[in-house]
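I opened this entry to keep a record of what I looked up, one topic at a time. The structure comes first, and my notes follow it.

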Amino acid sequence: MTDLGTVAWPPAPIRTGRLVVREPEARDRAAVVELFASPEVHTYLGGPRGRDDIEREMPAAPERRPGRFVVERDGAMIGQVTLTENTRHRCPVAVGKADLGYLFLPRAWGFGYAAEACAAVLGWFDGVLPDEPVVLATQTANLRSMRLAAKLGFGELERFHAWDAEQWLGLRSPVTPAGSGDVEGDRGRHGGRG
């Protein structure tokens, strides 16, 4: 993957039918803390971290870096989508590729927001780095995330065991169109990062 640092950052906010996908701001801090401390969100991610630890370690404004997007609905953060260069992975085929991740607050699950936001970010990515494939990993037990991966055009590359669970690695080639949809039950990030 070409370093996102070569891409103009931050991009203009991406507007979908219901969402605004934008760079993090200081006003998002409380929602980011809630997201990282949520036991439900971290069911497939090795469990939540303690709220006190997150509060203490998090700066006044959430980290702003290329590839990190906040998802906003009606003026409030409901989740985040990330695209990062995968520099280390248990599966060598994933190294050097863009890695899609997502986390959504439980109150935002089941409305298709993850599909809508991820499709928007993938569309943006295709516009700025059109020749780059994208990978996504999730636990096979995370059925909602597996359905979302398929909806977004990810096909299975391989399965592997990590973090005490079976993991799935999918690839979306640059020519595969991103899903646009309203996947039911988008349950947070792809899972499996421990």
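**Cysteines.** I searched the whole structure for disulfides, taken as pairs of cysteine sulfur atoms within 2.5 Å, and the search finds 0. A disulfide is a covalent bond between the sulfur atoms of two cysteines.

**Basis of the notes.** The model is predicted, and I kept to its conditions: local features need pLDDT of at least 70, side-chain atom pairs count only at pLDDT 80 or more, and totals for chains, interfaces and linings use all residues. Residues are numbered from 1 along each chain as its sequence is written, and side-chain values use heavy atoms, with hydrogens and water left out.

**Confidence.** I noted that pLDDT, the predictor's confidence in each residue from 0 to 100, averages 85 over the protein, with 87% of the residues scoring at least 70. Over residues 176–194 pLDDT stays under 50, and for this stretch the model has 81 contacts beyond four places in sequence, a contact being heavy atoms within 4.5 Å.

**Overall layout.** I recorded 4 helices and 8 strands, both read as DSSP runs numbered from the N terminus (helices H or I, at least four residues; strands E, at least two). Along the sequence the pattern is β-β-α-α-β-β-β-α-β-α-β-β. Of the 194 residues, 51% count as buried, and the accessible surface comes to about 8,700 Å², of which 50% belongs to carbon and sulfur atoms; the areas come from the Shrake-Rupley method with a 1.4 Å probe, and for residues only the protein chains shown count as cover. Among contacts between residues at least 6 apart in sequence, 69% join residues at least 24 apart.

**Helix α4.** Which residues of α4 are buried? In this helix, residues 143–151, I found Ser-145, Met-146, Leu-148 and Ala-149 to be buried. Seen down the axis of α4, these buried residues fall within an arc of 160°, so they line one face of the helix; the arc is that of the directions from the helix axis to the C-beta atoms. The face turned away from the buried side carries Leu-143 and Ala-150, which are exposed. I looked up the cover over the buried residues of α4 as well, and it includes β5 (98–104), α3 (113–128), β6 (134–139), β7 (155–162) and β8 (165–172). After α4 comes Gly-153, whose phi is positive, near 95°.

**Helix α1.** I listed the buried residues of α1 as Arg-29, Ala-31, Val-32, Val-33, Leu-35 and Ala-37. Their cover includes α2 (51–57), β3 (68–73), β4 (76–85) and β5.

**Glu-23.** I placed Glu-23 in the loop between β2 and α1 (29–37), where this residue is buried with a relative accessible area of 15%. Leaving aside residues up to four places away in sequence, Glu-23 touches Trp-9, Pro-10, Asp-28, Arg-64 and Arg-68.

**Salt bridges.** Side chains of opposite charge can pair when their charged atoms come close. With a salt bridge taken as a side-chain nitrogen of Lys or Arg within 4 Å of a carboxyl oxygen of Asp or Glu, the count comes to 14. One of them joins the side chains of Arg-18 and Glu-116, at 2.7 Å from N to O. Arg-18 lies in the loop between β1 (14–15) and β2 (20–22) and Glu-116 in helix α3, so the pair ties together parts that are 98 residues apart in sequence. Arg-18 is partly exposed at 29% relative accessibility, whereas Glu-116 is buried at 11%.

I also looked up Arg-49, which forms a salt bridge with Glu-57, the closest N and O atoms being 2.4 Å apart; Arg-49 is partly exposed, at 42%, and Glu-57 is exposed, at 53%. A further salt bridge brings together Glu-156 and Arg-159 at 3.2 Å, N to O, with Glu-156 partly exposed at 44% and Arg-159 partly exposed at 41%. Last, I noted that salt bridges with shared partners join Arg-22, Glu-25, Arg-27, Asp-28 and Glu-72 into one network.

Methods:
Buried < 20%, exposed > 50% of the residue type's maximum accessible area, 1.4 Å probe, protein only.
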